[in-house]
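This report looks at the overall build of a protein and then at one of its helices.

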Amino acid sequence: IHDAETAVQKHHPEFSIQKLDYDDPDTYRMLGQGDTEGVFQLESSGMKQVLVGLQPQNLEDIIALISLYRPGPMDSIPTYLRNRHEPDKISYKTPQLAYGFTVYQEQVMQIFRELAGFSFGQADNVRRAMSKKKHAVMEAEREHFVYGCTDPGNECPGCVANGISEKVANEIYDEMSSFASYAFNKSHAACYAYVAFQTAYLKCHYPSEFMAALLTSVLDNTDKVIEYSGECARLGIKVLPPDVNVSNG
């Protein structure tokens, strides 16, 4: 990113990577076409398909995709895409879940707090146990989630006391257990999405400078050099052999 920014500034001195328009429609249009070779976190074939299916409109969409495109959460992608394009088909196991689609670890904690009355600390302990697959702790916390807990310092009413059936409470817990094992926290995904957008913006608006910087960054990886040289050809960018008269060094 720095190398590309430096190259752009030779012709556009006012350009700064710190002053991008994160609502730039051209960049999102490029992402929606799956044109993401070289774009951080978004260049796999599977991710390209999801981008085309979603047609991202803002940074929040990129944050969500980076979080969902992982083992576990990935199973929810078809439902996420359907709900995005057909909101009338959205349904919830219980009205308390109607705040949105569960994508991040923070939302798992929110479910524990709102449905079963867990404290912030208790909810974070369960999230940690789920992410580290501590099955004994998870099963003990299932009991508390469904039926509540009276242990001093860990009191909570549980889902049943809050009007949620035992069956639905267990179904929600099962889904969270599978999901939280691999889920990102949103702050982590947001950092990835921030960098992903910067690379996408550079490729969209300054493709020559971006591809030159990208090729420089992978010079020790022959496969990537070949792949990105092919992308340059697709974009109509001529890749020259080393030449002291034209190369920057």
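**Whole protein**

The model is predicted. Its secondary structure consists of 12 helices and zero strands. The radius of gyration is 23 Å, well over the 18 Å that the globule rule gives for 249 residues, so the protein is more spread out than a compact globule. The C-alpha trace spans about 75 × 35 × 35 Å along the principal axes. Among contacts with a separation of 6 or more, 63% are between residues 24 or more positions apart. The remaining totals are tabulated here.

| Property of the protein | Value |
|---|---|
| Buried residues, as part of the 249 residues | 42% |
| Accessible surface | about 13,200 Å² |
| Part of the accessible surface that belongs to carbon and sulfur atoms | 53% |

**Helix α8**

Helix α8 covers residues 135-147. At 1.5 Å a residue, its 13 residues should span 18 Å, and the end C-alpha atoms are 18 Å apart, which agrees.

Which residues of α8 are buried? They are M138, E141, R142, F145 and V146. Seen down the axis of α8, these buried residues fall within an arc of 135°, so they line one face of the helix. An α-helix has 3.6 residues a turn, so residues three or four places apart point the same way. Just after α8 comes G148, with a positive phi of about 95°.

Technical notes:
Residues numbered from 1 in each chain as written. Predicted model: local features only at pLDDT ≥ 70, side-chain atom pairs only at ≥ 80, totals over all residues. Heavy atoms only, no water. Helix = DSSP H or I, 4+ residues; strand = E, 2+ residues; numbered from the N terminus. Expected span 1.5 Å × (residues − 1). Buried < 20%, exposed > 50% of the residue type's maximum accessible area, 1.4 Å probe, protein only. Arc of directions from axis to C-beta. Rg over C-alpha atoms; globule rule 2.2 N^0.38 Å. Contact = heavy atoms within 4.5 Å. Areas by Shrake-Rupley, 256 points an atom, 1.4 Å probe, with all protein chains shown as cover.
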